[in-house]
Structures are given as structure tokens and as C-alpha cells.
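Biologist: I am new to this structure and would like to learn how its features are read. Could you take me through a few of them, giving the general idea before each case?

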Amino acid sequence: PTFWVPDGPVGLHKYKVRLIFDVVDMPMSWPVDVNTHEARAYCAWKSSIDKPAHPYRLISEGEHNVIRDKATKDLSKGVKRDFIMVYDGFNCATNSNGDNKYNSNLAWGSQSPVDALAPSHTGHHDVFGNAWHWCEDDFNGLDGFEVHPLYTDFSTPCIDGLHQMILGGSFISTGDEASIWSRFHFRPHFHQHAGFRMVSAAQNEAKILPKQGTNGASNSANMVQGHTSAVDEEKMLDEHMLFHYGARMDVFPWENGPSSATGFPSRVAQLLVDAASQNGVAANRVMDLGCSVGGSSFELCSTFQEVVGIDVSSPYITAANEMKADGQRSYQRKEEGAVFTTLLASTDNDVDRTRVKFEVADPTALSPEVYGKFDAVLVNGLLERLHAPEACLKNLVAAEGVMKPGSLLVITSAGNWSPVNTPQSQWLGGYKNESGAYVSTLEGITSCLGSRAKMIRKEDTPLLVRNDNRQYSFSMVEVSVWKIGA
């Protein structure tokens, strides 16, 4: 463990432990501060030694609720069932009333023996306080979760399958963090005064989310993601590769049908290029926001001197960077059932791939200090995949945002809002307002952009997604072009 300090010759495995201010002799009865990886490694090692009927794992959120003391579940006490609402730090650990038996709220200035205080009615010590519990669960929203408009980006950037749930608080947790209602989240490699409790059980009801990327939102899907977030990651990646790089005959080999709807990423990139030329916008720097695997980004390279592709999905950015490095990448195209064909995606030989770079980032929190200012930004099918689309648009066009005065903003939207991706209170359109009037997505976009942007062009353009060799998804996408004011 990170905070263990070797004490004596290497190989003796004797250690002291580093506290906040001191290095002290190893207190073997204290909890061990670890990250999630270390906790799971210990569970695996211990399982290999004990060989339990069911391998050891971390506790789940549901199981943590089960072992909590009955005093925390006594509804007749109202808010007073939360000990942190009743006791100051000095009295949190005295057990004077049977419900204040936790090393929390700085009752003490360090951790303490795990059996120093009275257990819960189920016989479990330190359910709260002393050290946070790493849980099997990925951080997730409870049923009915909605983003509050005054704080749009506290929880949602971490509901991404990459942040682990921690519960119970530690000795140094105070206020809200020490509450019985506290549900927090950290990346699994972090150390947060957190330990773990092992469980051996036939069932694991922990909530595990798809791994969507870092710092934000749901996967930006450039309107390919018509499925739920549970769709297999590799399958989605292959679909995006075909959508971005597939030749017309690879996508739609039929004589009859909407073949003009193929090649959407290239067509929308060319639309931006044409709009920039027609409106006297310099072709220096452009951002492809929600770039997925990079099809539009490489098309923009033909005109713009620098292209920055941003997406929240690490797998998509990895694939885009492979295309940048090698100019090609293989992927699987579904024919029918369990039959797949291997295809090779490639960029045009005339494309200068050194002009583009791809990064994982939160689309709602882009800073000019990090990315600089841009002459144009393409927001491609992204808004309906964000938890906070309004925050994304307002941040883009703000005077202190990443767009230059006089720059172009191109937004594509199919209006396919879903509570799976966006809390309904955050939808830009597709609902009726208080007076019963239908609010369209374009009206919502217009309201978000306010006086900072003027729409100079709008058109509807077809989009075709191949599901297999005989099933397709067809959409008419609304494309709006905006000029950003001074």
C-alpha cells in the first residue's frame, strides 16, 4: 500500500505507516488505505488462499445499506437519523446515545482500530467513518436523478463507468461528506482515505456502467447511437468506423434507395468548409466536437490548418488516433446474425494527418487556456448525448469561450432526445412548455446561444446508418450554421 513505509532491510516486509503528519509504528488493527485496484488485487489473492464458494469482492452499495445501523433507518427520527445532523465532531464517537459511534467529522485526528467503537445492530464496525468503503458499483444516478440547473457538472461528468463509488466517509469527512446520504465518486487509482470490506456472495447486484470515457456525459454518437448505452462497446466502435469511413457500396450497395444519405461525416464537414469560405472565415483552426472516430476531422484537414477532434469516449479517440498514425484501421461489418466481414478503413492519401489531433475531454467544460480559440466549431450530433447540452453551447459561445469573434458554429441535430442520455429537464427541445406550446430543438438552441450568435443558414440533410445488410436507420438531420458576434 502507498502509505506503508519500509522499516528495515528489504525483504523482511516490515513496515511503518505514514499518517497525515507522522510516520508511526504499524497499527495492525487500523483500516488500510488503498485504491480500488489494490483492494481488488487483495480480494483475488485472498480468494486464491481461502478458496471460498464465491470469490471475495468489494461490497456493493445495496449491501452497505443492509449493514447500516437500524438507527440510520428509523424514519420516525426524520433528519436526526443522520448522526452528522445531531453530533459535532467531539461527540460523534462517544456512543452516549447508541447512535453516535463513528470516527467521523474529525472526532479524532486519524484513523482508529476497526473494532474500537460499537458495531451496528448487524455486528459490523465502522460502517460510517474511519475510512471510506470502495464499492463494486460504478458511480451512478439514483432513480429519478436529474441535473440541477445551478450545478450541472458535479455528478454527471463522473457517471461514465470510470468512477468508482465510495460510501461511509472517513475520519476526516465533515458536513455533507460525513452524512449517511453521502455518495461520492473517484477514479479507481486514487487514494482517498478509503479502505474496503470483502464480501463472498452468490449474487453481485452492484451497478456497473459501460466505460464511456473521461470527464463527461454519455458517448457522443454522431447520431449512430440509436441503441442504449448497454450496447457492446466493440460493436458500437465498428458501427462508427463504418459510418465514418465506409465507402458508399460498403454501406448501401443497392441501386434503389437513399444512397445519397451515405457519407454524412464527410458531407457535414464540407458544409462547414463551404460556409467558412462564403462568409469570409479564416480556415486556420477548427474543432470537431463529438468527433467519434474522426471521419469529419480528416475531411476538415483538407482545408483547415489545424483540426482538434474532441470526444468523451476513449475507445473512439483511440481508434481516431490509430487512423491518424497509420492512415488505416480494420473493423468488422455485420452481415446478418453472427456473420461479419472485415473491412479496412483508410484516409485519403492527400490528407495531411499531422494537422489533426484527437483528445478525450468534457464537451461542457472546454477552456481556451487549454485549447486556444477557434475559427469554427462543428457540433455533430452531440447535444442529445449530453447530460447538460445548454452548458455546452453557452460555454462555447461565451466571450471567454473557445470561439473567436466572427467564427462559425455548425450544429447538427436529429432531435432524438432521451432520458437515458439527458435528464428531461435539460432537453433543448422535444417537449411542451408551461403554456402547452411545442418547443423544437432549434428553438432551444437559439435560446441557448442568445445574442452571441446569429443563424445564417439552415438545411435538412439525410443520414443513413447501416445496421446489417438489409436493415438501415434513416434520419433527416437539421443542420444550422451560426455566426458568432463580437
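Modeller: Let us begin with burial in this predicted model, where a residue counts as buried when its relative accessible area is under 20%. Asp-126 has a relative accessible area of 9%, and therefore it is buried.

Biologist: Where in the chain is Asp-126, and what is its phi?

Modeller: Asp-126 lies in the loop between α2 and β5, and its phi is positive, at about 50 degrees, although Asp-126 is not a glycine.

Biologist: Which value does phi take in His-13, and is His-13 buried or exposed?

Modeller: For His-13, phi is also positive, near 55 degrees, in a residue other than glycine, and this residue sits in the loop between β1 (4–6) and β2. A residue is called exposed when its relative accessible area is over 50%, and because His-13 reaches 60%, it is exposed.

Biologist: How should I read a charged residue that is buried, and what is the case of Arg-81?

Modeller: One looks for a partner of opposite charge, a salt bridge requiring a side-chain nitrogen of Lys or Arg within 4 Å of a carboxyl oxygen of Asp or Glu. Arg-81 is buried yet has no salt bridge, since the nearest side chain of opposite charge, that of Asp-74, is 7.4 Å away. Arg-81 is placed in the loop between α2 (61–66) and β5 (132–138), and, leaving aside residues up to four places away in sequence, the residues it touches include Leu-75, Ile-180 and Trp-181.

Biologist: Is Glu-61 buried or exposed, and which residues does Glu-61 touch?

Modeller: Glu-61, found in helix α2, counts as buried because its relative accessibility is 14%. Not counting residues up to four places away in sequence, Glu-61 touches Asp-137, Leu-142, Met-165, Leu-167 and Arg-183.

Biologist: How many helices and strands does the protein chain have, and what share of its residues is buried?

Modeller: The protein chain has ten helices and 20 strands, and 49% of its 486 residues count as buried. Among contacts between residues at least 6 apart in sequence, 68% join residues that are at least 24 apart.

Note on methods. Residues are numbered from 1 along each chain as its sequence is written. This is a predicted model: local features need pLDDT of at least 70, side-chain atom pairs count only at pLDDT 80 or more; totals for chains, interfaces and linings use all residues. Side-chain values use heavy atoms; hydrogens and water are left out. Helices (H or I, at least four residues) and strands (E, at least two) are DSSP runs, numbered from the N terminus. Buried means under 20% relative accessible area, exposed over 50%, partly exposed in between (1.4 Å probe, protein chains only). Contact means heavy atoms within 4.5 Å. Lys and Arg count as positive and Asp and Glu as negative; His and the chain ends are not counted.
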